[in-house]
Amino acid sequence: MTGDELSELAAVPTTKIIRVPVSNACLNFVANADDIRDFYSLHQEAKKVDVKAIYEKLHVANKAVLVLVAALWEAYCEDVAEEGLRLLVQHAPNWEALPRPLLKAVAKELRRLDEEFAPWTLAGEGWRQYLLDRLYLLGQKRNYSFATPKAKNVDALFLESVGIVRISDAWTLPLGVEWARNELDSFIDKRNVIAHRYEPGSTVAKRHVKQFYNLVSGLVARTDAAVGRVIREVTGANRWSATSVPSPRPATGTASSLDQ
């Protein structure tokens, strides 16, 4: 299996193991998703106890975990964008090999600098240090502008950081790219209502959390593959790490199921 054929990351892993090249950001996403799996276990334990009063209160946990899924997605996007750029800076043979959209963004920035200073910024291997310094500045900017990881903002993040135009075009889920964008935006809106304009009594069901996590898992897999392709094209080698990732269990048949 190649990086272009990444399977979905499982919400509840089975014992089957697949080996795929993935980013460190992806590995962190999978590791941090342990809390999601514990959340599913909590629901199962509540069913066993069969205490209606307890089970009815689980909607509070549902809300908290839906916010957590959004945070995992936001963190993954920021991490893989930074990881991708660092690999480009480290392994690109020269600045001309970088993605054209990234070069255009840098050129635009340099035009705003002092005319005498700008050429020296990129002289020799100076372009590598400039991109690393730029990465830090972009990170400071994201602290204020990337609190809402909807499709449009994710597109802007990867265009600015790695030079990938509309990375959401890579979100080729079974129900389509546009569906994936709209579904993500809808869940992020739900997260914003919970986190910033809490509405007492509003209900979030376990199925909503599961659908959101399954969606994000599919987006992570395809985003990882898209960034990996760009790095491979620029550097001439696959820079993701080959590792073991739990494979997904069979689809549940819901609209948000992400089976290939």
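## Overall layout

Helices here are DSSP runs of H or I with at least four residues, strands are E runs of at least two, and both are numbered from the N terminus. Read that way from the N terminus, the chain's elements go β-α-α-α-α-α-α-α-α-α-α-β. That makes 10 helices and two strands.

Keep in mind that this is a predicted model, where local features need pLDDT of at least 70 and side-chain atom pairs count only at pLDDT 80 or more, while totals for chains, interfaces and linings use all residues. Residues are numbered from 1 along each chain as its sequence is written, and side-chain values use heavy atoms, with hydrogens and water left out.

How much of the chain is buried (under 20% relative accessible area, against over 50% for exposed and partly exposed in between, with a 1.4 Å probe and protein chains only)? Of the 260 residues, 48% count as buried. As for contacts (heavy atoms within 4.5 Å), take those in the chain with a separation of 6 or more: 78% of them come from residues 24 or more positions apart.

## The nonpolar core

A nonpolar core is a set of buried Ala, Val, Leu, Ile, Met, Phe, Trp, Tyr and Cys residues joined through side-chain atoms within 4.5 Å. The largest one has 64 residues, and Trp73, Tyr76, Phe158 and Phe212 touch the most other members.

Phe212 is worth a look: leaving out residues up to four places away in sequence, Phe212 touches Leu66, Val69, Ala70, Leu184, Phe187 and Ile188.

## Two helix pairs

Two packed helices are described by the angle between their axes and the distance between the axes. The axes are lines fitted to C-alpha atoms, for helices over the stretch in contact, and angles run from 0 to 180 degrees between N-to-C directions. Angles under 35 degrees count as roughly parallel, over 145 as roughly antiparallel, 65 to 115 as roughly perpendicular and the rest as oblique.

Start with H1 (residues 24–32) and H4, which pack at about 160° with axes 8 Å apart. H1 and H4 are therefore roughly antiparallel. On the H1 side the contact includes Cys26 and Phe29, and on the H4 side Leu72 and Tyr76 are among the partners.

Next come H9 and H10 (residues 206–235), with axes that come within 11 Å and cross at roughly 130°. That pair is therefore oblique. Leu184, Phe187 and Ile188 are among the H9 residues making this contact, while H10 brings residues including Phe212 and Leu215.

Arg181 sits in helix H9 (residues 177–196). Is Arg181 buried or exposed? Arg181 is buried, at 7% relative accessible area. Its side chain makes a polar contact (N or O atoms within 3.5 Å, one able to donate a hydrogen and the other to accept it within protein; residues adjacent in sequence count only if both atoms are side-chain atoms) with the side chain of Glu178, at 2.8 Å. Beyond its neighbours within four places in sequence, Arg181 is in contact with Ala151, Arg166, Ser168, Asp169 and Trp171.

Arg166 belongs to the loop between helix H8 (151–162) and H9. With 42% relative accessibility, Arg166 counts as partly exposed. Its phi is near 50°, a positive value in a residue other than glycine.

## Thr235

Thr235 is part of helix H10 and counts as buried at 13% relative accessibility. The side chain of Thr235 makes a polar contact with that of Arg239 (3.2 Å). Not counting residues up to four places away in sequence, Thr235 touches Leu87, His91 and Ala92.
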